[in-house]
Amino acid sequence: MRRSSDLQPEIADESAWWRDAVFYQVYVRSFADANGDGVGDLDGIRSRLGYLELLGVDALWLTPFFTSPMADHGYDVADPRDVDPLFGDLAAFDRLVTEARAHNLKVTIDLVPNHTSDRHAWFQAALRAGPGSVERDRFIFRDGGGFDGSVPPNNWSSQFGGPAWTRVPDGQWYLHLFAPEQPDLNWDNPEVAADLARTLRFWLDRGVDGFRIDVAHGMAKPYGLPNIDPRVELGAGVMHDNALDPRFDNDGVHEIHRMIRKVIDEYPGRMAVGEVWVADDERYARYLRPDELHLGFNFRLLEAPFDADAVRSAVEHGLGAVRSVGAPATWTLSNHDVPRHVTRYGGGDLGARRARAMALVELALPGVVYLYNGEELGLPDVELPEWALQDPIWLRSGRTLRGRDGCRVPLPWEGDTPPFGFSEAVTTWLPQPNEWAGLTAESQLEDPESMLSFYRHALELRKSQPAFEGDELEWYGAPPGCFAFRRKGGGLICALNTSGGPVPLPPGEILLASGPMDGNQLPPDTAVWLV
Ligand code: GLC
């Protein structure tokens with residue numbers, strides 16, 4: 001949708017298509033499997049483009065499909081300029097981009113600049129070459145402490161549990177903020193930036209419309225790799241006060257983003273969104289300065305419980321953070337790293353009702369929305385049996401943290417039994433629950449009450465109605481546990497009730513409600529759009 005009012009010149013420009021786009025995250029392993037091996041692939045995505053066009057999204061974000069030993073399901077990249085045979089090949093990628101264009105869908109892809117796979121040619125060469133070599137300088141190798149070097153170089157822990165250092169046979173240690181199979185690159189080495197520029201151009205030349213940048217607040221490391229103050233409680237979540245954590249959000253990262261932006265600017269109409277787990281609004285905004293990222297994921301909405309005050313605060317932070325830099329706000333409720341929001345909001349019918357309400361809130365907001373595949377079907381997280389778990393977090397935590405597999409189960413497309421049209425294989429890489437028979441895309445398409453029909457309707461209104469114009473909100477007074485805001489430009493009103501009882505509706509005509517109305521009242525766990 002193009003906005004006519006209150007736009008700066010750059011914003012009105014067609015080439016800034018991403019400023020109010022709805023992106024759809026395709027977790028490639030789990031979307032659709034065309035070659036019958038139980039794992040999703042690029043041709044599988046291509047076979048479902050009609051569905052995505054019907055859903056009404058503008059752009060896709062594909063999770064990594066590059067050559068990888070799959071220690072972190074593709075976020076361990078052995079060759080960033082090729083397709084892993086599990087997912088297809090470069091020809092399959094080209095076919096996908098061409099056909100997506102015919103369906104009016106932009107294609108954006110993941111980029112993993114913080115680390116490589118331990119099978120990347122560079123890392124293999126680094127292991128062979130030994131301490132002090134130019135090959136080792138592309139990664140972060142250090143000698144250990146203690147009389148025999150057996151103490152890790154500092155006290156950093158890995159995001160997946162355990163120390164962030166692994167020792168190699170000659171006694172040195174290398175840094176990995178994630179799994180040991182994901183060695184961190186040394187961004188002080190100019191070869192690293194040059195190689196990323198090459199990767200960017202490789203995919204831009206193949207026609208991608210943009211990138212999602214993995215761990216965009218990582219990459220730069222502080223001089224001397226100082227210890228984390230052991231008195232500091234970083235908390236279990238990924239979103240914490242980075243000022244206390246030397247591993248992330250170091251100032252040097254911005255030079256890297258400026259480099260990335262320069263390359264992308266050579267290709268008009270292309271964009272980048274960063275995965276920026278930075279809690280402080282001012283520090284978060286730095287990533288979105290005009291010569292850095294176009295967009296940054298803001299995870300506050302995803303972290304907010306189903307509570308009107310918490311959601312309002314997330315929205316105000318989300319809008320406030322980007323105001324000073326003129327970037328659009330970016331909203332997301334689920335992705336491949338967190339439990340699905342139907343489950344987070346209580347699961348079952350209650351979770352689904354709340355998920356519908358929150359979808360209306362999210363889609364009413366100014367800026368960019370990222371949907372996660374399957375949320376339009378109302379999929380919950382799956383309680384997988386232990387034998388099925390594959391996330392490296394499970395093993396690295398000594399089988400205490402189950403990890404992220406529950407939100408990555410392959411999508412149910414049609415039929416009454418697994419694999420529900422996802423694959424021709426009997427076994428899929430993660431098992432689907434039998435109960436998903438009622439959640440298939442096929443069963444929801446013709447049902448006007450389904451989650452899928454609801455998303456289609458909401459997306460259609462968001463795209464077509466002038467009520468959705470304007471970048472600022474005005475908040476109404478509302479009963480406890482509720483809020484209502486109005487888009488200042490177009491006038492759309494969105495009201496949410498997270499309280500225990502019905503409340504009066506704000507004045508206006510109902511455009512769409514997330515559930516049945518109670519006469520003139522907005523029932524609990526419900527949201528509504530009014531004009
Ligand atoms: C990001 C990805 C996550 C991955 C990690 C390491 O947080 O979203 O899935 O495990 O980076 O690359």
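Let's start with strands S7 and S8, residues 173-175 for S8, which pair in the antiparallel sense over three bridges. Strands here are DSSP E runs of at least two residues, helices are H or I runs of at least four, and both are numbered from the N terminus; two strands pair if DSSP finds at least two bridges between them. Within this pairing, Thr166 stands opposite Tyr174 in S8. Step back and you see an open antiparallel sheet of three strands, ordered S6-S8-S7. S6 (141-142) and S7 (165-167) are its edge strands, each pairing on one side only.

A word on what we're looking at: this is a predicted model, where local features need pLDDT of at least 70, side-chain atom pairs count only at pLDDT 80 or more, and totals for chains, interfaces and linings use all residues. Residues are numbered from 1 along each chain as its sequence is written, and side-chain values use heavy atoms, with hydrogens and water left out.

Now, over to helix H8, residues 253-265. Its buried residues (under 20% relative accessible area, 1.4 Å probe, protein chains only) include Val253, His257 and Arg261. And what do the buried residues of H8 pack against? They pack against helices H7 (190-205) and H9 (281-286), plus strands S9 (210-213) and S10 (271-274).

Finally, the whole chain, friends: 16 helices and 20 strands. Its radius of gyration, taken over C-alpha atoms, is 23 Å, close to the 24 Å that the globule rule gives for 531 residues, so the chain is as compact as a globular protein of that length. That rule is 2.2 Å times the number of residues to the power 0.38. Buried residues make up 59% of the 531.

Key:
Buried means under 20% relative accessible area, exposed over 50%, partly exposed in between (1.4 Å probe, protein chains only). Contact means heavy atoms within 4.5 Å.
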